[in-house]
Amino acid sequence: MNKLVCGILTVILCLSACGAFAEESKLPDVRWTYPVSLTEIQSKYAMLVNADNMLDEDFEPDPLVKVTDVKRATSAAVYLEETAAKALKEMFTAASFVTEYVYVNENGKEKTATYDEETGMVLYLKSGYRSYGTQSTTYANYLARNNNVDDGYVAKPGSSEHQTGICADILNADYAGRPTMTQDFKWTPEAQWMKENCDTFGFILRFLEEKEDVTGIKFEPWHFRYVGKEIASYVMANGMTLEEFTEEAKEAVAEFESRGGDVEEQLAYEYSRLNAPPESYVLDELGEDGDAEVSLVF
Ligand SMILES: [Zn+2]
């Protein structure tokens, strides 16, 4: 059999196999059209915590792990939820391979930061998980220091994302040594590199400078929140807050259901796609079988 016929048979075989996959995973009649999957929207990593969406006093991340092998800006041990801890380490490792980075300084001038080949850019973990009790103390102490004025810098107990264990405050060497974190951290190459690259690791810059009215929290160039890669890339590409994303996603679900979409069916479909063998699997088998005769048997 000549190569052309063999090729055509291969294509037919592939198409029928792909068709079989689609049938197995029951492509829902009503299509989910929002750019972020329903699975990610419903994931625990998408949880919204703020003054209007408080955590219970007994909420604890699970599993909670001690973050090791990263530089810290504190002598205390730092804990994070396991997946967020893994993602954070990946981000710190990626930074360590950066030996040159172009950033904009406080005068609006482009500068190039250069780093030691051995260490690369070094990030410092300042804090991660904070219990409800710790946040209560932090809040009370801050109010005492700030003439009893709640200016939005320290979250009320239950409304702090730090209780989720999936966010972290991250600094550079200079700021790690300072007693307080200040917004001018944004002019550092480390802050700008993190803002530019955090989504690759599933993080978002949670409290944006131009969105203080939406978050109710002042701009924090050091506070990164884990949401998973899919949501992170969407949120960062669109300059959104988690509040805005949550609202938009809620509307997307409502719109989907109004068209007759079934949430459970869509979740099952996404799950099956996640676990479906890659389409190349079929082609690989064919390749191993080799010649035209095998194709003819099929
Ligand atoms: Zn923070």
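This is a predicted model: local features need pLDDT of at least 70, side-chain atom pairs count only at pLDDT 80 or more; totals for chains, interfaces and linings use all residues.
Visitor: What covers the buried residues of α3?
Guide: The cover includes β1 (64-66), β2 (79-81), β6 (167-171), α6 (189-197), β7 (203-205) and β8 (223-226). Residues are numbered from 1 along each chain as its sequence is written.

Visitor: OK, and which residues of α3 are the buried ones?
Guide: Ala 84, Ala 85, Ala 87, Leu 88, Met 91, Phe 92 and Ala 95. Buried is a count: 20 or more other C-beta atoms within 10 Å of the residue's own, with 12 or fewer called exposed, anything in between partly exposed, and C-beta atoms placed from the backbone.

Visitor: Where do they sit around the α3 axis?
Guide: Looking down the axis of α3, the buried residues fall within an arc of 165 degrees, so they line one face of the helix. The arc is taken from the directions from the helix axis to the C-beta atoms.

Visitor: What does α3 reach from its first C-alpha to its last?
Guide: Helix α3 covers residues 82-96, 15 residues, and reaches 21 Å, close to the 21 Å expected at 1.5 Å a residue. The expected span is 1.5 Å times one less than the number of residues. Helices here are DSSP runs of H or I with at least four residues, strands are runs of E with at least two, and both are numbered from the N terminus.

Visitor: Switching to α9. Which of its residues are buried?
Guide: Leu 242, Phe 245, Ala 249 and Phe 256. They cover an arc of only 55 degrees around the axis, which puts them on the same side of α9.

Visitor: And what's exposed on the other side of α9?
Guide: That side has Lys 250, Glu 251, Ala 254, Glu 255 and Ser 258 exposed. As for the buried residues of α9, their cover includes α2 (38-41), β7, β8 and α8 (229-237).

Visitor: What follows α9?
Guide: Gly 260, with a positive phi near 95 degrees.

Visitor: You mentioned α2. Which residues does Leu 38 touch?
Guide: Leu 38, which lies in helix α2, touches Trp 32, Val 263, Gln 266, Leu 267 and Glu 270, leaving out residues up to four places away in sequence. Contact means that the two C-beta atoms, placed from the backbone, lie within 7 Å.

Visitor: Is Leu 38 buried or exposed?
Guide: Leu 38 is buried, because 20 other C-beta atoms lie within 10 Å. Its C-alpha is separated by 8.6 Å from that of Ala 249, which is 211 residues apart along the chain.

Visitor: What about Asn 147, what's its phi?
Guide: Positive, about 50 degrees, although Asn 147 is not a glycine. Asn 148 also isn't a glycine, and has a positive phi of about 65 degrees.

Visitor: Where does Asn 147 lie?
Guide: In the loop between α4 (132-145) and β6. Asn 147 is exposed, with 7 other C-beta atoms within 10 Å, and Asn 148 is exposed with 8.

Visitor: Last one: how many helices and strands does the protein have?
Guide: Twelve helices and eight strands. Buried residues make up 27% of the 298 residues.
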